[in-house]
Amino acid sequence: MGLPFTHLTSTKQLSRSDTDAIVGVAQDMEGILKKGGCDLLRGKILGSLFYEPSTRTRLSFESAMQRLGGDIVTADGIQFSSLYKGESIEDTIVVASQYCDIIAMRHPEVGSADRAAAVSLVPFINAGDGPGQHPTQALLDLFTIQKECGKIDGLKVAMVGDLRFGRTVHSLSFLLGLYDKITLVFVSPKELTMPEKVITFCKEKGIAFSEERALDAALTADVLYMTRIQEERFTDHSEYERLKSVYTLKAAHLKGKRTVIMHPLPRVTEIATDVDALPNAAYFRQVRNGVPVRMALLAMLLGKL
Amino acid sequence: MGLPFTHLTSTKQLSRSDTDAIVGVAQDMEGILKKGGCDLLRGKILGSLFYEPSTRTRLSFESAMQRLGGDIVTADGIQFSSLYKGESIEDTIVVASQYCDIIAMRHPEVGSADRAAAVSLVPFINAGDGPGQHPTQALLDLFTIQKECGKIDGLKVAMVGDLRFGRTVHSLSFLLGLYDKITLVFVSPKELTMPEKVITFCKEKGIAFSEERALDAALTADVLYMTRIQEERFTDHSEYERLKSVYTLKAAHLKGKRTVIMHPLPRVTEIATDVDALPNAAYFRQVRNGVPVRMALLAMLLGKL
Amino acid sequence: MGLPFTHLTSTKQLSRSDTDAIVGVAQDMEGILKKGGCDLLRGKILGSLFYEPSTRTRLSFESAMQRLGGDIVTADGIQFSSLYKGESIEDTIVVASQYCDIIAMRHPEVGSADRAAAVSLVPFINAGDGPGQHPTQALLDLFTIQKECGKIDGLKVAMVGDLRFGRTVHSLSFLLGLYDKITLVFVSPKELTMPEKVITFCKEKGIAFSEERALDAALTADVLYMTRIQEERFTDHSEYERLKSVYTLKAAHLKGKRTVIMHPLPRVTEIATDVDALPNAAYFRQVRNGVPVRMALLAMLLGKL
């Protein structure tokens, strides 16, 4: 089972049959994980290129590669030296292509992933390009919804917090657009509303959505996707201080509710730790789901399925 | 052969039968090393999480894991990004638990290891928590004493230098308390004496000990454990300058003596390089012993023995 | 097939029969790469010690080791903590020797590689010591010339740019001195001419050479080896600004010419991107050649051939 593309840079390139295939393979990968991994990618090398540190995403990719028997070469954040010497991203990727069989890259600039994919000599996966796309996160979010709810069609999904800079909620919105009868609820302060590109997408796709200010509007959804107000995206620190704790989900909010709680992590104060013990607190399971989903993508893009 | 605990955060949790078991397995691991390693931990992943850089300890753990056929995911010091985003250590560990089968963590705060172990979903090893504990160092020290002296019971062990902030000498003192008829000699400037917790421990255990100022007091011990005056533990730099070279062990001090010289390394000026060539200079062998000891711990905590 | 030395720190220690052997084994390694690697170094660990970041060289070594089935322990630049604690390079290397079977080290100081090799307990490879030597780069350059031109004897090789600080052109000059009837053309601004040590070497070896200011002088060579003006080697930034773009090779310069274009990368402005598409633009193939050459060296120094 392959995919009709060589590089994965955006959720926008995915069709419903692609996501169905990825979710299906990820389920198989969970079986492989239970048996302690396999040798499917023995002899293959993942180039893990992180221009911006992201322990979570990087370790998830590297774990996935190793669970399939593959190896890793890593260049992480600060020590990514060629950058300092003025090398273009295109040159860096052509060079890195010589050392590995597949690349996962995190980069702070929007569009860097497309530039990289355009020249990569090996399959390329966008592991986040600044406030742009983060398709593997969106796919693991989708896989989590499927596992937690048993389906995706027909669900009401609320997204809460920083919807303006929150790359994950943009990518997930685009993916959910592939499914039938989705309802989206966007809850944010007015300074951090969903950008026009997502709103326009919903209108064009005919997705039912509403924009709200109060957390209450999200509590009755099937899925409540919480996000962190990201300090690093603010130039005005006082604005960050004012907004950072505007939503705090507590166990008391969820009394008697079965809403599946998700979060891309790390969280700060937006989900109180008393939520962690609830059976519908899915965010740590969501993290775990990143491994089988990335195993699926690595294997599929390397043509090993 | 297992251990009666899942996580190793402190030498205080070890019994004599635990240390006997670990020393025994480490000896077996030396045999495996001589044969070029084995596949005992094939398919297992070590999460090597260093919030504070420590090349020595990290490489030792990673080498040990690979000698047993296992894989590694590493997050080292500066690039440990989630920390910067305000994530709690508990969340970081729950997340990291999803990516690996066992964790080794170095962290600058005392108590961080216990907090991490409390939530870790996989076996957890403290690789140093600030001025707190560093149990694998203490175990490799113990293994070195056993190998160099052929026994541990009945020995006279002198510890010299920064006994106040020197985590390794605290952990080793607690471990030696498991053995019979140990005599300890603590040599330090008055600003850097053994903390009350170790003195109290010695009194409670009935361990013979003395506190000294002069290096001479240490030269007739069976083992002389030298430590570095750690610049990074001082807030007043002039105090560091005054104390840093207060003890310098030279070959001349050791003429005709068989005292085993140990040091956790790195050393600066506290052991002159003319000591290196002496047959009783054990500090580089001590470093090497870190590998079989950590192989033993990884295998035992993963239930593979 | 072995080599008559344990450590590789300089191209000066290589004889013609050594380079012939290395080139031959590297050719075999290309065959192994085509088949997806092998298990020749299974169970062996490369210690990859980079005191100065160098993604390119480090990833190349690590990829080479993994293509042969070996493992890696890495200490990269900023996190190389023992350095901060005042440890000597000799101690660091003796310690690192305990954790691995072969070491590759990049260090900013000239002569550091020789100091390290003098104490290393395992085979040691210099991966660049400041403005000193970088023998594996020179060997991959040589291998590239052999592959691109089908021979090395009798060639005219032009070196252009920063010949003063450009470590790679020094090392390559010394290597080319092993071959017959080599002609060298050194093109640089007068502030960045070849150092006396290379000029003297050419005279002693009877190598034909000329020193030029204009790029034109290089265009008719068999090989044109372009280098970057290295910002990090200048103390006076205005001098860097003045010199940085003094030579810019463009496709127009190469019209109708078959000159093989090489560059150690990263490039900034010294080769226009319109050169990339020319069949004689060899610099990305040159990068790729680093892998089989380093595979050859790792295997030969570990006595596995």
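Tutor: In this predicted model, where local features need pLDDT of at least 70, side-chain atom pairs count only at pLDDT 80 or more, and totals for chains, interfaces and linings use all residues, A:Thr19, A:Ile22, A:Val23 and A:Ala26 in H1(A) meet A:Leu139, A:Leu142, A:Phe143 and A:Gln146 in H6(A). Residues are numbered from 1 along each chain as its sequence is written, while chains are lettered from A and ligands numbered from 1 in the order in which they are written.

Student: What makes two residues count as being in contact?

Tutor: Their C-beta atoms, placed from the backbone, must lie within 7 Å. By class, the contact of H1(A) with H6(A) has six nonpolar, two polar and no charged residues, where Ala, Val, Leu, Ile, Met, Phe, Trp, Tyr, Cys and Pro count as nonpolar, Asp, Glu, Lys and Arg as charged, and the others, Gly among them, as polar.

Student: Why is H1(A) called roughly perpendicular to H6(A)?

Tutor: The axes, lines fitted to C-alpha atoms over the stretch in contact, with angles from 0 to 180 degrees between N-to-C directions, come within 10 Å and cross at roughly 70°. Because 65 to 115 degrees counts as roughly perpendicular, H1(A) is roughly perpendicular to H6(A).

Student: What makes E6(A) and E7(A) a pair?

Tutor: Two strands (DSSP runs of E, at least two residues, just as helices are runs of H or I, at least four, numbered from the N terminus) pair if DSSP finds at least two bridges between them. Strand E6 and E7 of chain A have five bridges, in the parallel sense, and therefore meet that definition.

Conventions. Parallel < 35°, antiparallel > 145°, perpendicular 65-115°, else oblique.
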